[in-house]
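Dear colleague,

Please find below the structure for your records. My notes on its charged side-chain contacts follow.

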Amino acid sequence: MGVNRKENISVGRGKVTKAASSASSAEGTTTRTTKIGFIGCGTIASAIATGLAKQKSFPTDIVSITVSKRSEKKSAALKEAYPSLVSVSEDNQEIVDSSDIVFLCVLPQQEEEVLSSLEIKDDCHTIVSLVATSKLDNLARLSGLSNENVYKMICLPPVSELEGTCLLVPKGNSFLKSMFKSLGGCVECETEQIMNAMMIPGCLMGPMYGILRNNRDWLIKQGVPAEDASYFVGRQYLGIIKDAERSCEDPSHFDALIAEQTPGGLNEQSLSNLDGKGIFKAYDMAMDAILGRIQGVSDGSIPSKS
């Protein structure tokens, strides 16, 4: 009879630490397994946990996901949806002890207190912080882990539907990259500064929804029934985004989409009208301001004209 060997692993840059266990099977194969924990269970943590529970492309078996009770509504929903996979705990240390990879999903002002109170083992654990203002050196210092076992990842809620794109720093961990690619996609960042800049378009999710709401409300003012207006705007922008996404690896693709607008046509004129009103300069100012907040040099507000 063959042996199906299951290896429970956590992974840092350049090494794999593992505690192996085995079970009999006729196949004689080796299966890697890992255990995931979430300290904090807000919108993003819930989205990542949901995506990891749904995905089928990550080659390592996720045998358990342990999440903080808070927020209770989200943790209870995860437990109900995936009862054999998800456990809920009110004890952060218990979450760490039950996990190989620990996602830190707390408020920035809670990061130091939470990490300093935990016993985290360098040969067993990898920390992945979702805290936007986290610094890798601080994560290593506060957790007691070596630099090769601390990471920062940023994503948006669509990872719950395997349609997100994760940012990861530092680069070079094929295990984590594979995990995050299973959520929709992953871009490894060379430095924390590069990640900070790449976070900014994600901070325009709110403004994007604001544009959709504005379009919906404008249609309603024109006499369009509210349900039709909402449905049409959502579906229309979905088609536009699919066009943009189709060849987005090509840096010139967005320029080509703009260039193909009919000269003198309605779309070209709409673009010209908005550009003339400074809409894109306003976007640049908004992005610069939010980057300043992430870097800790401003409060994120656009300076008022003197």
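Is Lys177 buried, exposed or partly exposed? Lys177 is partly exposed, with a relative accessible area of 30%; buried means under 20% relative accessible area, exposed over 50%, and partly exposed in between (1.4 Å probe, protein chains only).

Please note that this is a predicted model, in which local features need pLDDT of at least 70 and side-chain atom pairs count only at pLDDT 80 or more, while totals for chains, interfaces and linings use all residues. Residues are numbered from 1 along each chain as its sequence is written, and side-chain values use heavy atoms, with hydrogens and water left out.

The structure contains seven salt bridges, a salt bridge being a side-chain nitrogen of Lys or Arg within 4 Å of a carboxyl oxygen of Asp or Glu.

One of them joins the side chains of Lys177 and Glu188 (3.5 Å, N to O). This pair links distant parts of the chain, with Lys177 in helix 6 (residues 174-181) and Glu188 in strand 10 (residues 186-188), 11 residues apart. Helices (H or I, at least four residues) and strands (E, at least two) are DSSP runs, numbered from the N terminus.

Another salt bridge is formed by Glu161 and Lys54 (3.0 Å, N to O). Here Glu161 lies in the loop between strand 8 (150-154) and strand 9 (166-169), and Lys54 in helix 1 (residues 43-54), 107 residues apart. Lys54 is partly exposed, at 31% relative accessible area.

Arg216 and Asp217 also form a salt bridge (2.7 Å, N to O). Arg216 is partly exposed at 29%, and Asp217 is partly exposed at 29%.

Finally, a network of salt bridges links Lys69, Glu72 and Glu90.

Yours sincerely
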